[in-house]
Amino acid sequence: VNEPWQYTPLKVLKDFYWRGYKRVKAIAPHWHFVMHDSFRFSVDVWGEFMRGCPDVILDTHIYQAWFDPSVRYNYYTNACGQKNLIHEMQQFHPVIVGEWSLATDNCAMWLNGFNDNLPGYPKLPCKFVPCPDPYMGAEQPGAPPSRVKGLQGPFGTGVSGPLYGLCPKSRDWPKNALSGGEGPSDVQNPPLKDARDLYAYVPPTEDDTDTVMATLAAKKLVAFAIEARGNFFWNFRTEFEDQWSYLRAAERNWFLKDTAAINGYIAGACESEDSHCRASPKASDAAVRAAMDYVVGYDEDAMADFDTIQDSDGLRRRADELFEGYWIHNRADTTSDEACYFDGAAYLTESSYKCVSRRVDEKATREGMNYCVGYQPDAVRAFAKLSGDALWRKADQVFDSFWEQHRYAGVTCDFGGGATLVVDKAVLTKDEAAITAAISDYNNVRGNSEVLDERRRAARRKARLPPFVRSYRGLVAWTALVVVVTLVASSTASRRPAPLAALSLYRATYAELRPLAARTDTAE
């Protein structure tokens with residue numbers, strides 16, 4: 001069943017999956033059984049369920065369209081964070097991301113149903129554009145929407161639909177957010193066309209949507225295409241909503257033309273968001289070796305292999321690989337620091353992002369801090385005495401420490417609205433530039449080289465053909481010659497008049513040779 005309700009009783013849903021699995025395997029034992037997570041993607045829910053059963057795959061649908069409005073790098077870090085959750089789940093079941101898109105808002109028309117929307121959505125003004133012509137033909141009743149009529153009922157619990165011939169679609173991402181503070185005001189108040197325009201219009205010179213979408217796509221694919229067993233973009237084509245259309249997104253260079261090239265071109269897309277477990281430069285080689293022995297469970301063959309590494313640099317490169325693997329595997333079960341320490345032989349590098357206080361609501365900030373320290377009485381009393389800058393500085397320390405330790409288990413930097421992520425703009429700009437350049441390099445340079453390769457192959461095919469069929473002109477002449485030479489034989493063998501026999505032979509000969517000439521003419 002697709003997307004069972006998130007409030008479906010788990011006992012009922014799991015019983016349905018069990019019975020469905022046994023039925024499917026009885027009839028088609030070679031089939032895989034795919035079950036949806038009911039929007040509860042957690043090892044606590046699904047980790048032990050059907051564990052060990054052959055051919056079981058867990059399907060999860062990961063969207064950002066229903067998120068609260070935020071700055072671009074919050075979407076980036078969330079996308080990269082998904083690979084850690086997927087990695088954790090795949091210790092129990094293979095995972096496929098059965099649906100995902102590039103939408104970062106809820107503006108797509110009828111996303112939540114015809115003339116309907118979820119209560120409170122969209123959370124920000126949507127961009128409106130002229131409604132497209134109906135793809136089923138202009139004769140469809142009521143299409144295209146009238147330019148002189150407002151919203152037309154009936155409505156559901158929310159509102160989404162054409163307005164005076166304009167249709168809502170995803171908002172643009174403005175460039176000014178990078179030159180300004182990129183705070184909530186940049187998200188909630190984008191540039192407008194003029195004072196009367198209530199819609200989220202961004203002038204072309206200020207539009208950074210291509211950069212944001214290409215960067216976001218790369219970071220998502222690190223999780224969905226590299227970490228998960230497979231993924232499906234939702235969906236293949238839409239009329240005018242690029243964030244939901246694979247074809248339009250590909251046309252705008254948001255994706256690599258060949259998704260198989262992901263590992264070679266954008267595998268490091270989440271480098272700025274990630275931390276890494278590395279051998280400490282302060283630790284002795286002996287301490288590093290002892291930590292490596294621990295990581296491999298004191299396996300004698302592995303330990304003997306470590307002993308063959310004599311130079312310190314080589315030893316530490318091998319240690320980095322081992323420590324990173326151990327940390328990735330164990331970080332969800334403990335804090336990040338504890339999974340990467342080994343009595344001081346390793347340390348955890350910091351990401352480029354920091355989780356800090358929003359510096360807006362002292363009450364919300366204190367509540368978030370209390371949560372981070374587990375509501376310890378002494379800490380709660382100490383936080384209550386702080387206010388102003390002293391409170392904000394302490395909150396920065398508490399929020400960032402908690403987020404760094406637990407973000408790989410799915411913790412976000414929000415804490416009831418009291419915190420947000422920040423990043424050095426130079427790092428962000430460099431990150432986006434590197435990703436978009438890699439995609440452009442592959443799609444343009446690699447794409448052009450593939451065209452040239454095809455032309456070379458076509459030229460070689462042409463060289464193998466007789467000279468008289470290397471072009472359409474030669475083809476026609478050769479066909480006519482064949483007809484003239486065999487006309488008498490054709491008319492004798494056939495009971496039809498000679499002209500009909502000639503026409504029949506001409507058609508057959510031309511049809512046989514035409515594909516060869518067509519391929520060679522394309523190369524020219």
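Colleague: How far is the sulfur of C372 from the closest cysteine sulfur?

Modeller: A disulfide is a pair of cysteine sulfur atoms within 2.5 Å. For C372, the closest cysteine sulfur belongs to C355 and is 7.5 Å away, which is too far for a bond. A word on the source: this is a predicted model, where local features need pLDDT of at least 70 and side-chain atom pairs count only at pLDDT 80 or more, while totals for chains, interfaces and linings use all residues. Residues are numbered from 1 along each chain as its sequence is written, and side-chain values use heavy atoms, with hydrogens and water left out.

Colleague: Is C372 buried or exposed?

Modeller: Buried means under 20% relative accessible area, exposed means over 50%, and partly exposed is in between (1.4 Å probe, protein chains only). C372 has 12% relative accessibility, so it counts as buried. Across the protein chain of 524 residues, 44% are buried.

Colleague: How many disulfides does a search of the whole structure find?

Modeller: The search finds 5 disulfides. If you count the bonded cysteines along the chain, the pattern is 1-6, 2-3, 4-5, 7-8, 9-10.

Colleague: What should I look at in the disulfide of C107 and C126?

Modeller: Begin with the sulfur atoms, which are 2.1 Å apart in this pair. Then look at the torsion about the S-S bond: here it is about -85 degrees, so the disulfide is left-handed. The pair links distant parts of the chain, 19 residues apart, although C107 and C126 both sit in the loop between β3 (95-100) and β4. The element names follow DSSP runs numbered from the N terminus, with helices (H or I) of at least four residues and strands (E) of at least two. C107 is buried at 3% relative accessibility, and C126 is buried at 7%.

Colleague: Which hand does the link of C131 and C167 have?

Modeller: That link is right-handed, with 105 degrees about the S-S bond. The two residues are 36 positions apart, with C131 in the loop between β4 and β5 and C167 in strand β5. Their S to S distance is 1.9 Å. C131 counts as buried at 13% relative accessibility, and C167 does too, at 2%.

Colleague: And where are C277 and C340?

Modeller: C277 and C340 form a disulfide with sulfur atoms 2.0 Å apart. The torsion about their S-S bond is about 95 degrees, so this disulfide is right-handed. C277 is in strand β7 (residues 277-279), while C340 is in the loop between α12 (336-339) and β8 (346-348), 63 residues apart. Both C277 and C340 are buried.

Colleague: Let's turn to contacts. What does T104 touch?

Modeller: Contact means heavy atoms within 4.5 Å. Leaving out residues up to four places away in sequence, T104 touches Q64, A65, Y75, W173, M213 and L216. With W173 there is also a side-chain polar contact of 3.4 Å. A polar contact is a pair of N or O atoms within 3.5 Å; within protein, one must be able to donate a hydrogen and the other to accept it, and residues adjacent in sequence count only if both atoms are side-chain atoms. T104 lies in the loop between β3 and β4, and it is buried at 10% relative accessible area.

Colleague: What does F39 touch?

Modeller: Beyond residues up to four places away in sequence, F39 touches E3, P4, Q6 and H61. F39 lies in the loop between β1 (33-36) and α2 (43-46), and at 37% relative accessibility it counts as partly exposed. Its C-alpha atom is 8.6 Å from that of I62, a residue 23 places away along the chain.

Colleague: Which residues make the nonpolar surface patch?

Modeller: Like charges are joined within 9 Å, and nonpolar side chains (Val, Leu, Ile, Met, Phe, Trp, Tyr) within 5 Å. Here L151, F155 and V159 make a nonpolar patch of about 250 Å². V159 sits in the loop between β4 (127-130) and β5 (166-169) and is partly exposed at 42% relative accessibility.

Technical notes: Patch = residues over 30% accessible without salt bridge, like charges linked within 9 Å, V, L, I, M, F, W, Y side chains within 5 Å. Areas by Shrake-Rupley, 256 points an atom, 1.4 Å probe, with all protein chains shown as cover. Salt bridge = Lys/Arg side-chain N within 4 Å of Asp/Glu carboxyl O.
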